[in-house]
Amino acid sequence: MSKLISRNPATGAVLRELDVTPRESLSEIFARARDAQRLWAQKSLKDRASVLLDIRETLISQADELIETLVQENGKPRLEALANEVTPCVDLLTYYAKIAPKSLRDQKIPGRLMRHRKSYLNYWPLGVVLVISPWNYPLLLPFGDIVMAVVSGNAVVFKPSEITPLIGLKIQELCDRSGVPRGLVQTVIGDGTLGAALIEEKPNKIFFTGSVSTGKKVMAAAANHLIPVNLELGGKDPMIIMPDADLEFATSAALWGSFSNSGQVCASTERILVHESIREPFLKKFAEKAAKLRQGAPSLLEENVDLGAVTMDKQKDVYDSQMAHARGKGAEFLSGGQFSEDRRFLAPTIVTGKDIESLPIYNEESFGPVVAVTTFNSVEDAITKANRSRYGLLASIIARNTGLAEKMAKQIEAGSVLINEVTYTAGLSETPWGGVKDSGFGRTHAEMGLQEFVNVRHIHRPRAGFTFFKAPWWFPYSSYQYATFKCLLEVYRKSWIAKLRAIPHLAWNFVQMLKNERRL
Ligand code: NAD
């Protein structure tokens, strides 16, 4: 059986060696999931929601263990593990336990033409969904999908990233200890080849979070079986700093936006567009603050660092290549640009220069503690530059004039635009999260996210039980039917006189149609 090694990225220490889930066991895993799902879907929404509250109890009790695993396997500071992973998960459980029973119950559609009939939407689970997740928020990202899937009556096969399998197993443990039926949530361990094999088991939908290149492969493989996909992909998020911005506030926002989780955030601030009139003081203060951030191996006992390790070795090649190219083109490094001696940490890196906008470090996702800065000279220029990207996940605007910022927000091509805030709404339960352009499609969180986990069935029926009127468009056709529809068109006219004129003709033809109805 092949093995997968989980390591602490801040020290290189081996945490555990795990067995990779054998390819041959996947059909059995899916069969178990399908059996569990059939029974689970029969439970009431209220019962399913109450299991979320049981998971919440277990999660709160196990918070310390989870934080420890997050710190050790992901290399992130303790506070980030608690505030940006564990806490939003507790909130997600609370939110969906509350809203799912209401959101997923039958929804009336107000009648218009067919007032003698009624229509409503009836939601039903998809079946078995596949959740494939990355390593940067290894708890929060898959957890949201799992919670939404379970409450809406689905079973889940979950593949955590091969970089953070222990956190994946912690999620499994949470479910197992909280009364989630056996087989309803199953975690499999392995890398991308296992991910690809899972798609061949024909899940009912795939919830993929990861890079654009893998997202394309997942979508292509899913297309072979017509499996719907949700893709939460990368970003190169801009932060626009308006000329009226408070510099103290703006630099703090830029600092957290660019360097929290060591910049390994899909919605990290990777491009800063600062108004040319405040470029110098902004950059000076920003670089000074970056130099004061404490970086190192996070302790399990105290807040000793602000920036943890680079979690994935492969990503270091991306930083190397982007930084070397930028240096070659004469870009100016205002801070960072250097790895620690053991190459486990990259110092917070701010890069700028007159040609910066043409460089990969400004245009391609870095996914690390690297931010490229340019300037703009007008509102239009800021919007054009913000939109000049293949990505569209999130953008932020820092400004005192929030009215203007809001007008600008409506012109930015992104899934979220935050004014005087940055990045954090990925952790909010009640607001939708997702991208446009190469950042993917579909939404997670909020009521909108929940809808991604259900099929919708439109049910249409007469208000009363009678069936003696046949519909005016049924066989056999008559000239009264034709005339009725012709009059109906007139009723749609803008002019009230035309409408009023048409109504008696419509009524007369309708009555004639009923009176002269021929039976076949
Ligand atoms: P990745 O694409 O390398 O891997 C993501 C997952 O896909 C892993 O579990 C991996 O094993 C699996 N995988 C790899 N090849 C596969 C295949 N052929 N078929 C099926 N599964 C396969 O991404 P990563 O390095 O883990 O994560 C970093 C990327 O994720 C960044 O681009 C980041 O922006 C993005 N991300 C996006 C969001 C979002 O909400 N939009 C959130 C977090 C991360």
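Trainee: Is Cys89 buried or exposed here?

Mentor: In this predicted model, Cys89 is buried, its relative accessible area being 0%.

Trainee: And how many disulfides does the structure hold?

Mentor: The structure holds zero disulfides. Cys89 is accordingly in no disulfide, and the nearest cysteine sulfur, which belongs to Cys175, is 11 Å away.

Trainee: Switching to the strands, what is the order in the open sheet of seven?

Mentor: The order is 12-13-14-11-10-16-17, and the pairing is mixed. At the edges are strand 12 (332–335) and strand 17 (416–419), each of which pairs on one side only. On average, neighbouring strands of this sheet are turned by 25 degrees against each other, with direction ignored.

Trainee: In which sense do strand 12 and strand 13 pair?

Mentor: They pair in the antiparallel sense, over three bridges, with strand 13 covering residues 349–352. Ser335 has Ile350, in strand 13, as its bridge partner.

Trainee: Which strands does helix 9 lie across?

Mentor: Helix 9 (residues 247–259) lies across strands 10, 11, 13, 14 and 16, and runs at about 160 degrees to strand 11.

Trainee: What about helix 13?

Mentor: Helix 13, residues 379–387, lies across strand 10, strand 11 and strand 14, and its angle to strand 14 is about 145 degrees.

Key: Residues numbered from 1 in each chain as written. Predicted model: local features only at pLDDT ≥ 70, side-chain atom pairs only at ≥ 80, totals over all residues. Heavy atoms only, no water. Disulfide = S-S within 2.5 Å. Buried < 20%, exposed > 50% of the residue type's maximum accessible area, 1.4 Å probe, protein only. Pairing = 2+ DSSP bridges. Helix = DSSP H or I, 4+ residues; strand = E, 2+ residues; numbered from the N terminus. Axes fitted to C-alpha atoms, helices over the stretch in contact; angles between N-to-C directions. Contact = heavy atoms within 4.5 Å.
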